Amino acid sequence: MSRNARSALVVWVTPATAALLGTGYFAANAVAGHPGEGLVALAAMLVVGAAFIVGARYSETIRGLLNRRDERITGIDMHATAVAGVLVIMAVLVGSMVEIARGRSGEPYTWLAAVAGVGYILAVIVERARR
Amino acid sequence: MLDTGGRSGHTRGVKQALQGTRIGGGCGVELVVTGNSVRRLRAERGLSQGELAAALGVSRQTVNSIETGRYTPSLPLSIALARYFGTAVEEVFHVEER
């Protein structure tokens with residue numbers, strides 16, 4: 001596959017992921033007997049995907065986030081993802097503590113925290129082997 | 001000086017130098033990028049930031065960030081810049097030992 005063809009495909013990864021997640025939310029809501037709410041969730045995710053596509057016409061940053069050709073914007077994306085991940089992990093840890101303080105087992109927060117910890121260790125091992 | 005241990009040690013050393021990180025293990029040498037000549041080189045050729053960005057395959061914002069020293073590019077992009085201007089990386093990026 002040529003570089004141009006690959007770039008053209010890469011641009012669609014984020015919008016396609018948004019559409020896929022929306023479909024997942026729709027399916028989950030439909031299974032639960034709330035197809036209407038599922039449609040709202042699907043529509044919201046499609047709007048997010050469309051916002052990326054339209055925004056890329058006007059913003060170099062959004063364009064860079066989609067086509068991943070600019071190393072600085074890709075770095076910003078990775079850093080922002082790491083920050084968001086740390087925030088989620090902190091929320092999970094605080095959630096588990098609150099649950100434990102309430103006399104409960106702390107689930108599912110403890111499991112999520114374990115997934116985060118194991119995931120981090122595995123990522124370090126893989127990255128260490130790669131570099 | 002630069003840590004040349006291993007096959008890719010030199011490349012790693014230069015990349016770390018461009019990122020302003022401390023290199024050389026315990027020898028205490030730290031190389032820091034103190035500035036660059038991208039704006040001057042671009043102006044000498046009558047190029048806009050957008051034209052240089054298009055030639056390098058990056059955004060105009062990235063060229064601006066490099067010129068103002070807010071962003072230190074990777075080794076491949078640094079070499080691409082140097083080659084585009086027909087000069088050496090050391091002529092484009094000014095590095096100081098501290």
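**View 1. In chain B, residues 24 or more positions apart account for 48% of the contacts with a separation of 6 or more.** Keep in mind as you look around that this is a predicted model. What does chain B contain in the way of secondary structure? Chain B has six helices and two strands. How much of chain B is buried? Out of its 98 residues, 20% are buried.

**View 2. Here is the place where chain B touches chain A.** Chain B puts 11 residues into the contact, and chain A puts in seven residues. Which element gives the most on the side of chain B? That's helix H4 of chain B, residues 60-67, with four residues. Sort the chain B side by class and you get four nonpolar, six polar and one charged residues.

**View 3. Now for chain A, which has six helices and zero strands.** Follow the sequence and the pattern reads α-α-α-α-α-α. Along its principal axes, the C-alpha trace of chain A spans about 55 × 45 × 25 Å. Its radius of gyration is 19 Å, while a compact globule of 131 residues would come out near 14 Å. Buried residues make up 12% of the 131 residues in this chain. As for contacts in chain A with a separation of 6 or more, 34% of them join residues 24 or more positions apart.

**View 4. Zoom in on helices H2 and H3 of chain A, whose axes come within 7 Å of each other.** H2 of chain A runs over residues 13-31, and H3 of chain A over residues 35-58. Are the two helices roughly parallel or antiparallel? Their axes cross at roughly 175°. Angles over 145 degrees count as roughly antiparallel, so H2(A) and H3(A) are roughly antiparallel to each other. By class, the residues in this contact are 17 nonpolar, six polar and one charged.

While you're here, find Thr23(A), which has its place in helix H2 of chain A. Is Thr23(A) buried or partly exposed? It has 15 C-beta neighbours inside 10 Å, so Thr23(A) counts as partly exposed. To be buried, a residue would need 20 or more such neighbours. From Thr23(A), look across to Val83(A): the two are 60 residues apart in sequence, and their C-alpha atoms are 27 Å apart in space.

**View 5. This one is about helix H4 of chain A, residues 60-67, and its buried residues.** Which residues of H4(A) are buried? They are Gly64(A), Leu65(A) and Leu66(A). And what do they pack against? The buried residues of H4(A) pack against H2, H3 and helix H5 (71-101) of chain A.

Step just past the end of H4(A) and you land on Arg68(A), with its positive phi of about 55°. Arg68(A) has that positive phi although it is not a glycine. You'll find Arg68(A) in the loop between H4 and H5 of chain A. It has 16 other C-beta atoms within 10 Å, so Arg68(A) is partly exposed.

**View 6. Last stop: the loop between H5 and H6 of chain A, where Pro108(A) lies.** Helix H6 of chain A covers 109-130. Is the peptide bond from Glu107(A) to Pro108(A) cis or trans? That bond is cis, with omega near 5°.

Now pick out Val98(A), which is found in helix H5 of chain A. Is Val98(A) buried or exposed? There are 12 other C-beta atoms within 10 Å of it, so Val98(A) is exposed. A residue counts as exposed when it has 12 or fewer. Val98(A) and Tyr109(A) sit 11 residues apart along the chain, and their C-alpha atoms are separated by 9.7 Å.

How values were computed
Residues numbered from 1 in each chain as written. Chains lettered and ligands numbered in written order. Predicted model: local features only at pLDDT ≥ 70, side-chain atom pairs only at ≥ 80, totals over all residues. Rg over C-alpha atoms; globule rule 2.2 N^0.38 Å. Contact = placed C-beta atoms within 7 Å. Axes fitted to C-alpha atoms, helices over the stretch in contact; angles between N-to-C directions. Parallel < 35°, antiparallel > 145°, perpendicular 65-115°, else oblique. Nonpolar A, V, L, I, M, F, W, Y, C, P; charged D, E, K, R; others polar.
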